[in-house]
Amino acid sequence: MSNSAGLKAKLGLDVFKPGLEPHIVIRPGMEKDPRLKKAILVCPAGLYSENEKGEVVLTIDGCLECGTCRIACGTDVLDWNYPDGGTGVQFRFG
Ligand code: SF4
């Protein structure tokens, strides 16, 4: 099993409970900011991607709340908060 497949298998054990509001939001107008593009490379769950307009988009389901995108991109481009109590990721180690 490759490292990537091993990581995906382990992440597949985790449970995600979405909150009413996404806990990480790309600040309006920052979708094409070069700082935000770093998130595509660093997010361990692969939740950031670039659409055909060159805008970075975020799919929040599956977020590990690791904070890597916040550190890599900064809070000028990301509005980053922990999820509400009772929501978010529940880690299961297999
Ligand atoms: S907190 Fe971690 S898992 Fe969640 S979007 Fe940011 S880098 Fe990805």
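Modeller: Start with the open space. A pocket is an open set of points on a 1 Å grid over the protein atoms alone, with protein on both sides within 12 Å along at least five of seven lines; a lining residue has an atom within 4 Å of a point. Points are joined across faces, edges and corners, and volume is the space filled by probe spheres set on them. This is a predicted model, where local features need pLDDT of at least 70 and side-chain atom pairs need 80 or more, while totals for chains, interfaces and linings use all residues. Residues are numbered from 1 along each chain as its sequence is written, and side-chain values use heavy atoms, without hydrogens or water.

The largest pocket has a volume of about 270 Å³. Its lining holds 20 residues. Nearest the centre of this pocket are Lys17, Pro18, Gly19, Glu21 and His23. Strand 1 (15–17) and strand 6 (88–90) each give the lining at least two residues; strands here are DSSP E runs of at least two residues, helices H or I runs of at least four, both numbered from the N terminus.

His23 leads on to glutamate 65, which touches His23. Glutamate 65 sits in the loop between strand 4 (56–58) and helix 3 (68–73). It is buried (under 20% relative accessible area; exposed is over 50%, partly exposed in between, with a 1.4 Å probe and protein chains only). What does its side chain have instead? The backbone nitrogen of valine 89 lies 2.8 Å from one of the side chain's polar atoms. Beyond four places in sequence, the contacts of glutamate 65 also include Trp80, Tyr82, Pro83 and Gly88 (heavy atoms within 4.5 Å).

Other charged residues do pair. The structure holds four salt bridges. One joins arginine 27 to aspartate 79, with the closest N and O atoms 4.0 Å apart. That pair links distant parts of the chain, 52 residues apart: arginine 27 is in the loop between strand 2 (24–26) and helix 2, aspartate 79 in strand 5 (78–80). Arginine 27 is partly exposed at 31%, and aspartate 79 is partly exposed at 29%.

Next, helix 2 (residues 34–42), which holds arginine 35. Arginine 35 forms a salt bridge with aspartate 33 at 3.0 Å between the closest N and O atoms. Aspartate 33 is buried at 15% relative accessible area; arginine 35 is partly exposed at 32%. Asp33, Arg35 and Asp76 are linked in a network of salt bridges. Arginine 35 also touches Met30, Cys73 and Val77, among residues beyond four places in sequence.

Another pair is glutamate 50 and lysine 37, at 3.2 Å, N to O. Glutamate 50 is partly exposed at 43%, and lysine 37 is partly exposed at 30%.

Technical notes: Lys and Arg count as positive and Asp and Glu as negative; His and the chain ends are not counted. A salt bridge is a side-chain nitrogen of Lys or Arg within 4 Å of a carboxyl oxygen of Asp or Glu. A polar contact is a pair of N or O atoms within 3.5 Å; within protein, one must be able to donate a hydrogen and the other to accept it, and residues adjacent in sequence count only if both atoms are side-chain atoms. On a 1 Å grid over the protein atoms alone, a cavity is a set of points where a 1.4 Å probe fits but cannot get out, and a pocket is an open set with protein on both sides within 12 Å along at least five of seven lines; lining residues have an atom within 4 Å of a point.
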